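Let us walk through this model together, from the overall fold down to single residues.

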Number of protein chains: 2
Amino acid sequence: MPPRKSIDAQKVVQTAVALADANGFEAVTLASVAEALGIRIPSLYNHVAGLPGLRYEMRLWGLRLLAEHIRRAAVGKSGDEGVGSVASAYRAFAHAHPGIYAVTLRAPDPDEHDLIAVGQEIIDVLFAILRPYGFDDEDMLHAIRAFRSVLHGFVDLETSGAFKMALDLDESFRRLVEGFIGGLHARQQAAAVTR
Amino acid sequence: MPPRKSIDAQKVVQTAVALADANGFEAVTLASVAEALGIRIPSLYNHVAGLPGLRYEMRLWGLRLLAEHIRRAAVGKSGDEGVGSVASAYRAFAHAHPGIYAVTLRAPDPDEHDLIAVGQEIIDVLFAILRPYGFDDEDMLHAIRAFRSVLHGFVDLETSGAFKMALDLDESFRRLVEGFIGGLHARQQAAAVTR
DNA sequence: ACTATAAACTAATCACATTAGTAACAAGGG
DNA sequence: CCCTTGTTACTAATGTGATTAGTTTATAGT
């Protein structure tokens, strides 16, 4: 019994995502989305729960896409190769969706269950990738925090335009990830000595 | 010839900064600042250039404070010790001003000359701290990008509440910086072999 | 064709930002 | 001591965006 079907929630979110990637997340207003869709502002309320609801859907869509990219990048890989592959996928997502990336990584509120669940999926993949290094639980959690920090720091600075020197960004990222992998090996050595 | 002097630009910015640290940067509106100061909204225009102007002043204030902290932390130190000291100061700034930190690191527009100048001062300090490692220009620039990435990534995720596990954050940060320093040494070795 | 339902609309309200124009006050020169 | 000048705060008016209520309309299923 779906009646007049020209615009649905998906199309609204997709339109908003496109606007965010083109003009920045803050530039997404109900007014701009409505105009892009050729409808009046109040009509959007038939598809999303106002501006807060739309923003939530945008974050969720972004995080799901990121999770999928990371999962894909991690298939059949682990250890050093897996770290590099996941890192590249993470950065590629940010390049493809700069406007969405900035808010995708904002920590979800306790009541945003879907966001929390997808975030946990991503953490689980990182867990799997790092498993071959044989860390105990504590080392593993610190390593995951470090991995997330390295990825987010570079990508956030890069997409926000903070790196202004004329110097190859790919090479900077390659070295950063290389350094992180070196740190994993060093931690492995240290743990072996203690044992 | 200063007339009725109860409120000046500084007090407006300070009030806005306090609101940002308490409730988040987005929560700072001219309405909330005016109410906190006990004046009407239009009166603020005598001190700052509207909301965009206020936001600029807030970012500039934050970046100047960060630069000062980092400069102080770098006095009389270099190499591994300097890296650790600067890293701690950077993180301490973010803890002291979580609402301001998030926007302080946004890359300035080309016409925001003061912001660019202060940002460059910070880069200069990082340069000085890393000088003892003896990198050539290219290695140095990559190293600075990595340093900024590591600091920003951890601090941004931490202050936004993205690290939810019950695991000591200080220890995570200590290990992250330790790993970064290890990477600097590894790069030093690699450069020595090439030479 | 008829009806139920969902989508889109108009109208009204609210909050915030901004601009224009006005009133009041404080300091310095006569 | 008063008056001029410049600054600060104000009220009033306007515009944009978000939201809610209530209405109309198109379409899918009977």
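First, some ground rules. This is a predicted model, in which local features need pLDDT of at least 70 and side-chain atom pairs count only at pLDDT 80 or more, while totals for chains, interfaces and linings use all residues. Residues are numbered from 1 along each chain as its sequence is written, chains are lettered from A and ligands numbered from 1 in the order in which they are written, and side-chain values use heavy atoms, with hydrogens and water left out.

Start with chain A as a whole. Its secondary structure amounts to 8 helices and 0 strands, where helices (H or I, at least four residues) and strands (E, at least two) are DSSP runs numbered from the N terminus. Along the sequence this reads α-α-α-α-α-α-α-α. Taken along the principal axes, the C-alpha atoms of chain A fill a box of roughly 65 × 45 × 30 Å. Chain A has 195 residues, and 48% of them count as buried (under 20% relative accessible area, with exposed being over 50% and partly exposed in between, for a 1.4 Å probe and protein chains only). Among contacts (heavy atoms within 4.5 Å) in chain A with a separation of 6 or more, 69% come from residues 24 or more positions apart.

Now find helix H1 of chain A, residues 9–23. Its 15 residues reach 21 Å from first C-alpha to last, close to the 21 Å expected at 1.5 Å a residue; the expected span is 1.5 Å times one less than the number of residues. Buried residues of H1(A) include Val12(A), Val13(A), Ala16(A) and Val17(A). An α-helix has 3.6 residues a turn, so residues three or four places apart point the same way. The buried residues of H1(A) pack against helices H2 (30–37), H3 (50–74) and H5 (98–104) of chain A. After H1(A) comes Gly24(A), with a positive phi near 100 degrees.

How do H1(A) and H3(A) cross? Their axes come within 10 Å and cross at roughly 80 degrees (axes are lines fitted to C-alpha atoms, for helices over the stretch in contact, and angles run from 0 to 180 degrees between N-to-C directions). H1(A) and H3(A) are therefore roughly perpendicular to each other, the term for angles of 65 to 115 degrees. On the H3(A) side, Leu54(A), Glu57(A), Met58(A) and Trp61(A) meet residues of H1(A), among them Gln14(A) and Ala20(A). The residues of this contact divide into 8 nonpolar, 1 polar and 1 charged; Ala, Val, Leu, Ile, Met, Phe, Trp, Tyr, Cys and Pro count as nonpolar, Asp, Glu, Lys and Arg as charged, and the others, Gly among them, as polar.

Stay on H3(A) and look for Gly62(A), which lies in this helix. Gly62(A) is buried, with a relative accessible area of 0%. Beyond its neighbours within four places in sequence, Gly62(A) is in contact with Phe93(A), Ile100(A) and Thr104(A).

Finally, bring in chain B. The same surface serves both copies, as 100% of the contact residues of chain A recur in chain B.

Key: Angles under 35 degrees count as roughly parallel, over 145 as roughly antiparallel, 65 to 115 as roughly perpendicular and the rest as oblique.
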